[in-house]
Amino acid sequence: MNITQVLFWFLSILAILGAILVVISKNPVHSVLWLIVVFVAISGHYILLDAQFLAIVNLIVYAGAIMVLFLFVVMLMNLNTDSEPQKNRWLKIAGVMTGGALLLVLVAALKRADLKNQLAEMNNGDIGLIHNLGMSLFHDYVIPFEISSVLFLSAMVGVVVIGKKD
Amino acid sequence: MPINYYIFLSVALFCVGVAGVLTRRNAIIIFMCVELMLNAVNLLLVAFSKMQWHALGAADPQAGINAQIFVFFIMVVAAAEVSVGLAIIVMMYRNTHSIDVNFLNRLKH
């Protein structure tokens, strides 16, 4: 078991543990912090897969910007205490069972798939570097890239219109 | 690392997100679980891009780049989606002083 596999298992366990703690934390601030842990673990997976550009973008955009936005909203609403007064135990059990059933179905369906010799190459390859991705992004995908700027503009206008106090 | 491990890791993260959406009643936590599901899918796409690179890396130097560009665009759209969604939640809280989705099932109240 070499260092890459050790890191893979460590990051996988960290991600799943963090995800479970996001769901079961009573305090929304703790949920946000555990979600940051999950995103950092996923960024570590990207680095292991040699997708360095996506790892950095994931850290900056998700763990940096989006999570700070979530944290601002949680603290703005003063939700630091447990704010779910209505507790329906059967509803929770049904939700967990539904998620578990989905997991069971997907694992059972994918377990038999013949993927034994399909490897996700690690520690090798340079397609994740910003040079190669940028060349592709600005040659083949320049139209979607520009359209996404229109999307951001419309999202910004939408946020201002929704958030305006009238 | 065989692709199976990444598939099962992504499936596990996705199912934790689904269980969170179904279990919790706090709108912000539900939104965070949706983000978790998006990231599980992103992770699987990156793993598949490296699988394609492994399968035909010598024949095609561009193999796997499309998937990573796709992940980049998913992140772009997710950022826009989060901003609009959080604005809606803030407006909801301002109108009803609650973000419990059980109170908000009538839309007009």
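Residues are numbered from 1 along each chain as its sequence is written, while chains are lettered from A in the order in which they are written. Because the model is predicted, local features need pLDDT of at least 70 and side-chain atom pairs count only at pLDDT 80 or more, whereas totals for chains, interfaces and linings use all residues.

**View 1. Chain A is built from six helices and zero strands.** Helices here are DSSP runs of H or I with at least four residues, strands are runs of E with at least two, and both are numbered from the N terminus. Chain A is more spread out than a compact globule, because its radius of gyration is 20 Å, well over the 15 Å that the globule rule gives for 166 residues. That radius is taken over C-alpha atoms, and the rule is 2.2 Å times the number of residues to the power 0.38. The C-alpha trace of chain A spans about 50 × 40 × 30 Å along its principal axes.

**View 2. Phe8(A) sits in helix 1 of chain A.** Is this residue, Phe8(A), buried or exposed? Phe8(A) counts as buried, because it has 22 C-beta neighbours inside 10 Å. A residue is buried with 20 or more other C-beta atoms within 10 Å of its own, exposed with 12 or fewer, and partly exposed in between, with C-beta atoms placed from the backbone. Beyond its neighbours within four places in sequence, Phe8(A) is in contact with Leu48(A) and Met1(B). Contact means that the C-beta atoms of two residues, placed from the backbone, lie within 7 Å.

**View 3. Chains A and B meet through 66 residues from chain A and 61 residues from chain B.** Elements giving two or more residues to the chain A side include helix 1 (3–24), helix 3 (52–76) and helix 6 (142–163) of chain A. Helix 4 of chain A gives the most to this side, with ten residues. By class, the chain A side has 45 nonpolar, 17 polar and four charged residues. Ala, Val, Leu, Ile, Met, Phe, Trp, Tyr, Cys and Pro count as nonpolar, Asp, Glu, Lys and Arg as charged, and the others, Gly among them, as polar.

**View 4. Helix 3 of chain B covers residues 65–96.** Among its buried residues are Ile69(B), Phe72(B) and Leu86(B). What covers the buried residues of this helix includes helix 3, helix 5 and helix 6 of chain A, together with helix 2 (27–56) of chain B. After helix 3 of chain B comes His97(B), with a positive phi near 55°.

**View 5. The axes of helix 2 and helix 3 of chain B come within 10 Å and cross at roughly 175°.** This makes the two helices of chain B roughly antiparallel. Axes are lines fitted to C-alpha atoms, for helices over the stretch in contact, and angles run from 0 to 180 degrees between N-to-C directions. Angles over 145 degrees count as roughly antiparallel, under 35 as roughly parallel, 65 to 115 as roughly perpendicular and the rest as oblique. Residues of helix 2 in this contact include Phe31(B), Leu38(B) and Leu45(B), while those of helix 3 include Val71(B), Ile74(B) and Met92(B). The contact has 14 nonpolar, five polar and no charged residues.

Technical notes
The expected span of a helix is 1.5 Å times one less than its number of residues.
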